[in-house]
Amino acid sequence: IDEIVMLKNIALWTENFTPPNEPLPIPLLLEKKIAIVYPAKQRHLVNDTWITYDHGSSEQLYCEIERWDYASKSIQLWVKVPKVLADQPTDLLLYYDKTQPDNTDYIGFTAEYPAKQVWINNYAGVFHLSQNPALLNNCMLDSSINSNHGTPTTTLLATDLVDGVTGKAINFESASSDMITISNSSYLSMTTNLTIEGFVKQPVLSATTVCIAHKGNLSTSTAGEMYSLYKDTTNTLYFKVNGNAGSISGSNLVENEWINLAATYDMSSQKILKNGITVVSGSYTTQISSATTNIYIGRYRNTASTGIIKEVRISNVARTTAWIKATNYTCRDQLNTISNATICKIAGNVTALSNVAQRDVCLYERNSGELVYKTISDENGFYEVYTENASAHNIVCYDNEATPHLNDLIISKVTPVEEV
């Protein structure tokens with residue numbers, strides 16, 4: 001089956017957690033387009049390639065291609081996984097078939113329709129910051145459905161595109177004009193619920209600022225300032241809404257270490273989270289005053305940033321702590337483990353008295369008797385079963401209709417008797 005290349009990705013979580021629109025990063029080594037399907041047990045080849053999920057229906061899942069590196073033949077994807085369970089692994093299986101047409105319905109590059117569907121729920125803006133800043137106008141793409149793309153200043157060069165906590169990131173080197181501007185939008189002017197997320201790294205901690213996002217003016221004035229998340233020159237983290245009116249601060253960054261910073265506001269309280277853990281909180285019940293100011297990444301008021309910034313996300317809801325932890329883990333590639341195990345496919349046809357038949361078809365590992373895979377042959381008697389184990393197997397077709405009482409006898413023949 002050399003037409004199939006598969007990557008198996010197992011996602012684990014420490015508590016039951018349902019992220020309906022939190023995608024998981026899946027770095028792949030492929031040469032062509034891909035597709036995603038859910039669940040993993042439905043392995044019938046459709047379109048070019050797909051990833052399957054272990055729980056639920058067989059619908060295809062949307063996938064965003066953030067970056068395609070032709071030199072290393074690597075690709076970074078974001079996948080919207082319906083659920084990650086605590087009590088069992090969640091298998092994500094990627095399939096690829098170069099003979100199939102491009103799967104443009106479900107797979108797309110950043111800002112294309114399929115890619116936007118990964119981020120449709122409550123994301124006001126998603127900026128991977130993985131594009132070349134030297135391309136200037138609107139080159140820092142917004143992955144959300146709102147398409148509020150950012151424009152870097154001319155002082156940000158191609159060499160400022162550096163390795164991030166995942167994929168690529170932008171290196172702000174404290175030039176007075178280094179920043180990315182995102183034009184004002186009603187989607188980014190939330191007044192009652194807000195979450196800001198991003199990753200920062202300062203190779204050397206010094207008396208400098210690094211700003212994830214600032215919606216306000218480029219001056220010391222607080223007029224038109226809706227929200228800001230940044231680290232100041234004293235290495236103190238700040239989250240502000242309504243200028244200085246709603247302000248909490250505390251904790252710090254660690255030198256030369258990637259830190260996930262997040263801040264939430266819900267009309268009752270404010271929080272700052274570092275690597276998924278709340279480090280500062282405070283009460284604030286005033287609605288954010290709407291303003292038409294732009295959003296800036298890498299710039300707080302009139303102060304430039306020094307440091308590397310990656311994966312800035314702004315949501316119009318106050319995300320839960322579990323959600324923010326998931327963001328931290330997925331971007332670090334710690335929520336999932338990846339292997340490129342070979343999957344063996346065995347196909348055939350079921351007949352009964354020379355007629356095609358629909359029957360339960362099971363694949364058993366011969367030595368252990370373990371049930372490895374189960375399917376039902378189709379109306380033409382055709383079936384496919386799969387295994388990662390290259391040892392000897394038994395394929396068993398159960399007689400569902402005429403003699404179902406023989407099924408127990410069949411099981412006794414293919415399942416070894418356990419020694420006492």
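The side chains of Thr155 and Asp178 are joined by a polar contact of 2.4 Å, a polar contact being a pair of N or O atoms within 3.5 Å, of which, within protein, one must be able to donate a hydrogen and the other to accept it, while residues adjacent in sequence count only if both atoms are side-chain atoms. This is a predicted model, in which local features need pLDDT of at least 70 and side-chain atom pairs count only at pLDDT 80 or more, whereas totals for chains, interfaces and linings use all residues. Residues are numbered from 1 along each chain as its sequence is written, and side-chain values use heavy atoms, with hydrogens and water left out.

A polar contact of 3.4 Å also joins the side chain of Thr155 to that of Ser177. Thr155 belongs to the loop between β11 (150-152) and β12 (161-163); helices (H or I, at least four residues) and strands (E, at least two) are DSSP runs, numbered from the N terminus. With 32% relative accessibility, Thr155 is partly exposed, where buried means under 20% relative accessible area, exposed over 50% and partly exposed in between (1.4 Å probe, protein chains only).

Between the C-alpha atoms of Arg332 and Gly164, which are 168 residues apart along the chain, the separation is 9.7 Å. Not counting residues up to four places away in sequence, Arg332 touches Val165, Phe199, Trp258, Ile259, Asn260 and Asn275, contact meaning heavy atoms within 4.5 Å.

Strand β31 (residues 360-365) is largely enclosed by the rest of the structure, because six of its six residues are buried. Asp360, Cys362 and Tyr364 point one way from β31, and Val361, Leu363 and Glu365 the other way. In a regular strand, side chains alternate between the two faces of the sheet. β31 runs antiparallel to strand β32 (residues 371-376), with five bridges joining them; two strands pair if DSSP finds at least two bridges between them. Asp360 has Ile376 as its bridge partner in β32. The hairpin of β31 and β32 has five residues between the strands, and Gly369 in this hairpin takes a positive phi near 80 degrees. β31 also pairs with strand β34 (residues 393-397), in the antiparallel sense and over five bridges, and here Cys362 is the bridge partner of Val396.

The largest nonpolar core has 41 residues, and Leu194, Tyr227 and Phe239 have the most contacts inside it. Such a core is a set of buried Ala, Val, Leu, Ile, Met, Phe, Trp, Tyr and Cys residues joined through side-chain atoms within 4.5 Å. Strand β20 (residues 259-265) gives the most to this core, with four residues. Another core, of 12 residues, lies apart from it and includes Val126, Ile308, Trp323 and Cys331.

Six aromatic pairs occur in the structure. Rings of Phe, Tyr and Trp (its six-membered ring) pair if their centres lie within 6.5 Å, and planes under 30 degrees apart count as stacked, over 60 as edge-to-face and the rest as tilted. Trp119 and Tyr123 are edge-to-face, because their ring planes are at 75 degrees, with the centres 5.2 Å apart. Tyr230 and Tyr238 form a stacked pair, with 5.4 Å centre to centre and 10 degrees between the planes. Trp119 and Tyr123 are both buried, and together with Trp78 they form one aromatic cluster.
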